[in-house]
Every structure is written in C-alpha cells, then in structure tokens.
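I opened the notebook with a plain plan.

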Amino acid sequence: MLTIRKEQMAIFQDQLDGAFIDMIIEHLRRYHFTAVQADTDDTLKSAIADGLGRADAFGLTRRKDLIAFVTMMFEIGADFASCPVFQKYLADPEIPVNEKMARLLHETTDDDWQTARRMLAEKETRITS
C-alpha cells in the first residue's frame, strides 16, 4: 500500500497551486491583456496569490469563481470586493457560495461596474496623495 506523507502532500499541493496560478496568468494575458500588460509574471503571481487568499475569505473554491474573482481584481481594482455593490453578493450568507460569483456577474449593471471603478480610483487617489 502506498502511503503519502504530509510533507509530500504539501509539495503536491504547492505544484497544483503553482500550475493554477500559471493558468490564471495565461488567461489574463490572453483575455485581459490591457489590464496586465505592464506586469511581470512574478508580479502577477504575487497578486494572484493575494487574490486567491481574498477569494478564500468569501468561501470561493471553484476554479471558475476564483478566476473570475482574480480577473475582477485586475479589471476593476485590487479592492473591488470592498465596493458595496459587490459586497452584497460576496458577503451575503444567504447566497450559496457556489452562486456568489455567478449572481454578481449576472445581476450587476454596467453602471454598477463604472461606479465601482470610480470609487476605487478615488480611493487610490486619496492613498497616493
């Protein structure tokens, strides 16, 4: 019988995580080039790892939800999840975890997205001023 030690499982998990992050980088470079064109792969890896941690805080675990969450960080802003329009989906305990991103993506309007972009741009301006 094959026994896998915890240390070995940790290595396997690190490899899986690294492969998933590489897949997200490829997705971003292919479909969201403008949002990431100035970023190096190392910068993207760090930001994506941070984003996956943020997504985990909302209970998101499905790959497509994680990719959508991280993509929104690059398209709208790293703190997009703090915007009230998105918070109402991500933080609502009444919405099943596997529905959060789908509902967020399908129920928000273009105006919601523009408002969030403005809010984050203003927040960034205050931080850098």
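**Entry 1: contacts and overall make-up**

I began with the contacts of the protein, taken as heavy atoms within 4.5 Å. Among those with a separation of 6 or more, residues 24 or more positions apart account for 54%.

I noted the ground rules next. This is a predicted model, where local features need pLDDT of at least 70, side-chain atom pairs count only at pLDDT 80 or more, and totals for chains, interfaces and linings use all residues. Residues are numbered from 1 along each chain as its sequence is written, and side-chain values use heavy atoms, with hydrogens and water left out.

I then listed the elements. The protein has 7 helices and 0 strands. They are DSSP runs numbered from the N terminus (helices H or I, at least four residues; strands E, at least two). The order from the N terminus is α-α-α-α-α-α-α.

I looked up burial: 32% of the 129 residues count as buried. Buried means under 20% relative accessible area, exposed over 50%, partly exposed in between (1.4 Å probe, protein chains only). The protein exposes about 8,400 Å² by the Shrake-Rupley method with a 1.4 Å probe. Carbon and sulfur atoms supply 54% of that area.

**Entry 2: H3 on H4**

I took helix H3 (residues 41-57) and H4 next. Their axes come within 9 Å and cross at roughly 120°. Axes are lines fitted to C-alpha atoms, for helices over the stretch in contact, and angles run from 0 to 180 degrees between N-to-C directions. H3 is therefore oblique to H4. Angles under 35 degrees count as roughly parallel, over 145 as roughly antiparallel, 65 to 115 as roughly perpendicular and the rest as oblique.

I listed the residues in this contact. H3 contributes Leu-44, Ala-47, Ile-48, Asp-50, Gly-51, Leu-52, Arg-54 and Ala-55, and H4 contributes Leu-66, Phe-69, Val-70, Met-73 and Phe-74. By class they divide into 10 nonpolar, 1 polar and 2 charged. Here Ala, Val, Leu, Ile, Met, Phe, Trp, Tyr, Cys and Pro count as nonpolar, Asp, Glu, Lys and Arg as charged, and the others, Gly among them, as polar.

**Entry 3: H4 on H6**

I moved to helix H4 (residues 63-75) and helix H6 (residues 97-107). They pack at about 45°, axes 10 Å apart. H4 and H6 are therefore oblique to each other. Asp-65, Ala-68, Phe-69 and Met-72 in H4 meet Val-97, Asn-98, Met-101, Leu-104 and Leu-105 in H6. I counted 7 nonpolar, 1 polar and 1 charged residues there.

**Entry 4: Ala-121**

I checked Ala-121 in helix H7 (residues 110-128). At 42% relative accessibility, Ala-121 counts as partly exposed.
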